[in-house]
Amino acid sequence: MIDLKSVFSHSPDIVTRKTGSEYVLVPVANNIADMNSVYTLNETGAFIWELINGSRNVEEIINSLVEEYNIDSETAKADIFEFAENLKDYLIIK
């Protein structure tokens with residue numbers, strides 16, 4: 001269950017490549033890339049991805065999102081929770 005104090009880190013089984021303001025995330029198993037499961041992050045997703053570092057909690061990420069994109073905290077919270085759930089479902093973060 002995700003809450004405001006949850007802290008996430010990138011999965012070691014994901015290779016990332018930044019292209020412009022976006023990220024492409026590729027799962028790797030046994031040194032083989034799974035090109036059928038590529039995950040692309042838009043500019044906002046990339047901003048959040050860069051904040052996920054194993055030490056920031058969800059509340060800190062929400063505050064950064066509010067400041068960067070000038071949105072209200074409830075919208076940021078809903079977006080972060082949905083985003084984190086998706087990344088967890090695909091084993092992109094742990």
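**A walk around helix H2**

Let's start with Ser6, which counts as buried at 12% relative accessibility; buried means under 20% relative accessible area, exposed over 50%, and partly exposed in between, with a 1.4 Å probe and protein chains only. Before I go on: this is a predicted model, where local features need pLDDT of at least 70 and side-chain atom pairs count only at pLDDT 80 or more, while totals for chains, interfaces and linings use all residues. Residues are numbered from 1 along each chain as its sequence is written, and side-chain values use heavy atoms, with hydrogens and water left out.

Back to Ser6, in the segment before strand E1 (14-19). Helices (H or I, at least four residues) and strands (E, at least two) are DSSP runs, numbered from the N terminus. The Ser6 side chain reaches the backbone nitrogen of Asp3 at 2.9 Å. Leaving out residues up to four places away in sequence, Ser6 touches Met1, Arg56, Asn57 and Val58; contact means heavy atoms within 4.5 Å.

Two of those names take us to H2. Asn57 caps its N-terminal end, with a side-chain oxygen 3.0 Å from the backbone nitrogen of Glu59. Val58 is buried in H2, along with Ile61, Ile62 and Leu65. Down the axis of H2, these buried residues fall within an arc of 100°, so they line one face of the helix; the arc is that of the directions from the helix axis to the C-beta atoms. Why does that spacing work? An α-helix has 3.6 residues a turn, so residues three or four places apart point the same way.

And what do the buried residues of H2 pack against? Helix H1 (43-51) and helix H3 (73-89). After H2 comes Asn70, with a positive phi, near 50°.

Now the rings. There are two aromatic pairs in the structure; rings of Phe, Tyr and Trp (its six-membered ring) pair if their centres lie within 6.5 Å, and planes under 30 degrees apart count as stacked, over 60 as edge-to-face and the rest as tilted. For Tyr39 and Tyr90 the centres are 5.6 Å apart and the planes at 50°, so that pair is tilted. Phe47 and Tyr69 are edge-to-face, at 5.5 Å centre to centre and 90° between the planes. Phe47 lies in H1 and Tyr69 in H2, so this pair ties together parts 22 residues apart in sequence.

Definitions and conventions. A polar contact is a pair of N or O atoms within 3.5 Å; within protein, one must be able to donate a hydrogen and the other to accept it, and residues adjacent in sequence count only if both atoms are side-chain atoms.
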